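Please consult the sequence and the structure below alongside the text.

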Amino acid sequence: MTRQWRLQTAHTTYAVSLALDDSVLVSDYWGPSADGPVGPWRPAVLPPFETVADVAPVEYATDGTRHVHQCEMHLVRGDGWFGAGWAHVADELRREGDRVELVVTFDDHAGALRLVQHIRACADHDVVERWIEITNRGTTTVHLDRVFSGGWTVPGRGGVRVRYLAGAWGQEFREHQLDLTLGSFAIGSRQGVTGHLFAPAVTVTPIAADAPGAWGVQLAWTGSWRALVEAVPHGDRARISMGVDDDTVTVVLDPGRTFVTPATLGVYSADGVDGVARAWHRYQRHTLARSTDPYHHPVVYNSWFATEFDVDVTQQLALADIAAGVGAEVFVLDDGWFAGRKDDTGGLGDWRVDDEKFPHGLEELAAGVIARGMRFGLWIEPEMVNPDSDLFRRHPDWIYRAPDRRPVLSRHQFVLDLGRPEVRHWLAGMLRDLLSRYPITYLKWDMNRPITDGGRPGDPRGGEWPLQHAAGFHQLLRLLREEFPQVTVEVCAGGGGRVDAAVLGLSDLVWPTDEVGARDLLEIQHGFLRAFPPHIMNSLVTGLPGMRHPAPVSFGYGFVVGMSGVLGVGADLLSWDAEQRRQAAAFVALYRELRPLLQFGELTVHGTPADHPYAREYSDGPDADGRVCLLVWDTAGRRPADPGQVGGNQIHQRWRVYPKRLDPGRSYVVRGTGLTAPGAVLAARGVEIGWSHAPDADVLVFDPVPGGAG
């Protein structure tokens, strides 16, 4: 009799069973909640030159079991011996509250390896988490040239449409798509970090019109990684595999060692790709976020764009005066505060205060910031070291370097090897000293170059450097959370080079991009929000032009863009006039009122930034009492003229937006317009955009009428 397990999420069912003489787990069903029985997988037609394991929807495939199509694990056992065959030896269904975890154990036929597959689901959200453990119980070393976290099988008759996020520095998270009918598609990072080129997230939909819904897969990992999507001939399914990079990583499985992969995450939504995005957000705020309170998602003022490296206590306190006046809750002193830091050529690694810039130490500035009603924050780049630093002169062996060539210098800096215990110990001590010495409650952790020359000559596990570096980074983030819970942590890597589910679970905010031009930032946010949530997306208002879209926008446009996530300010406040300060204070006050809704509500996107107008709708937020908010932008500087004004040969009409998340039977007041109507009427007729907050951006708030049926 077939052994089958059904795991239930909030709205979906994930069913797996043992197959092929109990040698593998296969996927039986992944879709809307199924009340009735789910039939186990059965082989249909077996094409010539393919094995049953190649056509089966195997949950985790290794070479030696699967022979034609892609595998999640490649094993090199020595003496020309590769792969493994498996036999089921145990299983356990663990329940804890609303969470259930299936643990299925297999031993290889030689008795040397143990493979444990974990599948976890929760009734609070729709994300399924999967990972594996592999243990060497033999007497000889096994090398894992590939050790992914899992493979996901999805419907794919006629192929699949793959949506993914790609870009570069300053252009992260651009949304792309392709139709994959046959063959494979791969993305990833070889940089030792998540990277700017691709995000570890894909969404797929079947090309066949009769297969509704969409499936999303992510990887919770901050080092080098790879994702593979495969569509094969003679099949009606596609496969998505994710895991640590198999190009730069080789895991050395010595006798007695167990290796645990990072988790791969999967989600299904009957509401298509928009539903997948909302499902990711629910998981990220319910499971990954440590809190939903404003303390760890504050309005930040960051001084970098005002002063860059040229910092001193007098000018920083002058900025703090204005920042407090416009409503900032945290003041962050960025780069330039430490010894030897005149520009980017020196000082990294010497994390002691520059006595010339701060003759009374950081205490004077910190006390001044706190006296003005704000928290004090600091920028730091712990993994980096300049050649012109005392740290490098003392420990030149602490950086990544190859023995046969000069180490690669990028941005005038090297990368410290976090795989070395002495480096991690030093960094932990430095962080403890800094956070204990000063009243710092916000830390911006930056990393401004990729890792090159990875490896450690003479170390048999030197090929695991991407794993070790990411694990060391995670270890230090956990130290901050456990020992300094009052410190809000923002993760940055030259912009969005470190954004993934693992970082979301260990930090409070991420810096999604170094591009701060409002029009460009709006586009980057659009892609970011397809996989990651508003409550972690730090968005500074700087007033600077974009690199791709330098056309000017109004003063308020950037504030409405920033309100899409975690609003912050980074402009040179000393250059603002009284009217700009007044407007900024009004935007910040409105944002702080709407913050629970904008950060933790359900997000519905109206079109793309290529559409005019473009809007983001927020609903069902905590403590929102049914309120709905739309942020609206004129995305191309084409706002129509007033009615009656002629442009060309036609009379332009004002633009309207059509809310999608109003309760049809409830009445709403459209704030600032005097308009009151039932949700059904407002959704059907639309609401005219008044452009009351800015000439090219607006904030529409729909307040429900108390008790109010239409």
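Arg498 lies in the loop between strand 27 (488–491) and helix 9 (501–506), where helices (H or I, at least four residues) and strands (E, at least two) are DSSP runs numbered from the N terminus. The model is a predicted one, in which local features need pLDDT of at least 70, side-chain atom pairs count only at pLDDT 80 or more, and totals for chains, interfaces and linings use all residues. Residues are numbered from 1 along each chain as its sequence is written, and side-chain values use heavy atoms, with hydrogens and water left out.

**Arg498**

- Arg498 is buried, its relative accessible area being 1%; buried means under 20%, exposed over 50%, and partly exposed in between (1.4 Å probe, protein chains only).
- The side chains of Arg498 and Glu383 are joined by a polar contact of 2.6 Å. Such a contact is a pair of N or O atoms within 3.5 Å; within protein, one must be able to donate a hydrogen and the other to accept it, and residues adjacent in sequence count only if both atoms are side-chain atoms.
- Leaving aside neighbours within four places in sequence, the residues in contact with Arg498 include Glu383, Trp445, Met447, His469 and Phe473, contact meaning heavy atoms within 4.5 Å.
- Arg498 and Trp221 are 277 residues apart in sequence, and their C-alpha atoms are 9.4 Å apart in space.

**Arg174**

- Arg174 belongs to strand 12 (residues 174–180) and is buried, with a relative accessible area of 11%.
- A polar contact of 2.4 Å links the side chain of Arg174 to the side chain of Glu523.
- Not counting residues up to four places away in sequence, Arg174 touches Tyr164, Leu165, Ala166, Asp520, Glu523, Ile524 and Arg548.

**Backbone features**

- His612 and Pro613 are joined by a cis peptide bond with omega of about -5 degrees; Pro613 lies in the loop between strand 31 (602–606) and strand 32 (614–619).
- His412, a residue other than glycine, has a positive phi near 65 degrees. His412 is in the loop between helix 6 (390–394) and strand 25 (414–415) and counts as partly exposed at 38% relative accessibility.
- Trp691 also has a positive phi, of about 50 degrees, although it is not a glycine. Trp691 sits in the loop between strand 39 (687–688) and strand 40 (697–709) and counts as buried at 9% relative accessibility.

**Helix packing**

- The axes of helix 10 (residues 518–528) and helix 11 (residues 555–562) come within 10 Å and cross at roughly 20 degrees. Axes are lines fitted to C-alpha atoms, for helices over the stretch in contact, and angles run from 0 to 180 degrees between N-to-C directions.
- Helix 10 and helix 11 are therefore roughly parallel to each other, the term for angles under 35 degrees.
- In this pair, Ala518, Arg519, Leu521, Leu522 and Gln525 of helix 10 make the contact with Tyr557, Gly558 and Val561 of helix 11.
- The axes of helix 4 (residues 313–326) and helix 5 (residues 361–371) come within 10 Å and cross at roughly 10 degrees, which makes helix 4 roughly parallel to helix 5.
- Helix 4 contributes Val313, Gln316, Leu317 and Ala320, which meet Glu364, Leu365, Gly368 and Val369 in helix 5.

Technical notes. Parallel < 35°, antiparallel > 145°, perpendicular 65-115°, else oblique.
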